[in-house]
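I opened a new structure today and kept notes as I went. The entries below are in the order I made them.

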Amino acid sequence: ILKNNKKKINLIIFINKIFNNILSLYNFFLLKKKIIDKKNIFFSRKVYLQKSIKDNRYYDRLFDFVLQNKIINNNSQKVYLNECYIKKNLAFKAKSINTFLNFFLNPKVHISNDVKNNIFKIANEYKLDRVKIFEKFNHATINFFNWYNFGLKLFNGNKSLKRLYFGCWYSPDAMGLIAAAKKKKILTFDMQHGFQGKYQGMYTNFVGIEKSFSYELLPNFFYCWNKRTKANILTSSNNRKHNLPIVGGYNWVDFYVKKVAKSESFKTKKKIFLFTMQPRTSKNNKIIPSFIKKYLNSVSFKNNLFIFRSHPNDIETKNLLHEFVNNHKKKEQIEIDNGEYNILDSLNRCTHHLTAFSSSAIEANYLKKNSAVFGEDSKLIFGNYIKKNSIYWLNGEYSNFVKWVNKKNTKIRFLHTRDIYEKPNLRKHFY
């Protein structure tokens, strides 16, 4: 019976692979035809799609503020990477793509012994499982070349394409497409997708970039929301002539609040907390900080509501979070927000917002919520806003958390859009 079941499972997997390859091939030809007269392609990811409570449509927080412009919408194509199809009701139409027939079309990747030995050396130095690290590196390398070859085929013969924009450049698929685009003399841009401090490893401290040197897998430009982000990127290589940060601006929050979100304000006498969770780091390694646990067990939490909004990429945390809530004695007062609806809709519902280092801390203040951050990472990222009394920094002590809970909104400096983002110049960057 077990052998028969295994054969059936393997057959289903095999049929599914064939179907996905055929569908991906079909999508490729559809997209190639669609972009024949387009100037821009916006390569996004499903994780950036969030549902609106008002119209039940999904909006892309990285690119839809640009696509609302009819001229840009007509000259551009939005595409979701690593997807065969998207069933969601999108506010702005898009295509889905994935690589196809990799086993047949793409050459086998050989990793030299020198590279392998270096990976083993680094893994041993940091006491990591060197076999697993090498397997992941090998898989990522194969994935990179699959997307590189895919990009060469996609861009080949297209004379209208001028610019490619990526939601997060540092993954094998995006890097493969960036390398292919450079081969075809097409400009590439990384679209800023969150607040970046001085120590964001994928954007800062590239000391090797000089006037005559650039990284081939990095985009030509980093599209930044404001001047502060640009300055952070240039901290270690101010004289660079390649892989340049540019201030493009951002008005997604303004666009969503004024044109998409529900207009009525949410009123309540009780305190409603929204905790926007982030993946754990070395300095922020607890799923739920001890001061939150203590508060949930306290008398002070008697009539209030606490909402955990889990991070979409952190599956392990989601499972542990559900276990924590289901076993809590006050579970009727605790909710889990799975992130389906837009963060701005969730923020509109709360009175207090806290996070480790999510950009939602700024958005909460903009919506006139009592906003706080905690951990050493947040101090580095939001230091300027903490100094100006727009965001409260929690030091990890329970008494400090209670002080913030009882803090009156009259003492908070609320931000305007101009305090957070530069006004976007759509004509300059996307026409």
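My notes start with the whole chain and then move to single residues.

**Entry 1: the whole protein**

I am working with a predicted model. I looked up the secondary structure and found 17 helices and 15 strands in the protein. I then looked up the radius of gyration, which is 23 Å. The globule rule gives 22 Å for 431 residues, so the protein is as compact as a globular protein of that length. Along the principal axes, the C-alpha atoms fill a box of roughly 65 × 65 × 50 Å.

I asked next what share of the residues is buried. The figure is 50% of the 431 residues. I also looked up the contacts with a separation of 6 or more: residues 24 or more positions apart account for 71% of them.

**Entry 2: surface and charge**

The protein exposes about 23400 Å². Carbon and sulfur atoms supply 53% of that area. For the charges, I noted 77 positive and 29 negative ones. Their mean positions are 4 Å apart.

**Entry 3: aromatic rings**

I looked up aromatic pairs and got a count of 43.

F382 sits in helix α14 (residues 376-387), 187 residues away from F195. I checked accessibility for both: F195 has 13% and counts as buried, and F382 is buried at 0%.

I also noted one aromatic cluster. Among its members are F273, F291, Y295, F324 and W404.

**Entry 4: helix α14**

Which residues of α14 are buried? They are D377, S378, F382, G383 and Y385. I then looked up what covers them. Just after α14, N389 takes a positive phi of about 65°.

**Entry 5: H328**

I found H328 in the loop between α11 (315-326) and β12 (334-337). Is H328 buried or exposed? Its relative accessible area is 9%, and buried means under 20%, so H328 is buried. Setting aside residues up to four places away in sequence, H328 touches L296, N297 and I334.

**Entry 6: E216**

My last stop was E216, in the loop between β7 and β8. E216 has 51% relative accessibility, and exposed means over 50%, so E216 counts as exposed. What does E216 contact beyond its neighbours within four places in sequence? The contacts are I178 and K182. I also looked up A180, which is 36 residues from E216 in sequence. In space, the two are 10.0 Å apart, C-alpha to C-alpha.

Definitions and conventions
Residues numbered from 1 in each chain as written. Predicted model: local features only at pLDDT ≥ 70, side-chain atom pairs only at ≥ 80, totals over all residues. Heavy atoms only, no water. Helix = DSSP H or I, 4+ residues; strand = E, 2+ residues; numbered from the N terminus. Rg over C-alpha atoms; globule rule 2.2 N^0.38 Å. Buried < 20%, exposed > 50% of the residue type's maximum accessible area, 1.4 Å probe, protein only. Contact = heavy atoms within 4.5 Å. Areas by Shrake-Rupley, 256 points an atom, 1.4 Å probe, with all protein chains shown as cover. Lys, Arg positive; Asp, Glu negative; His and termini not counted. Charge placed at Lys NZ, Arg CZ, Asp CG, Glu CD. Phe/Tyr/Trp six-rings, centres within 6.5 Å; stacked < 30°, edge-to-face > 60°.
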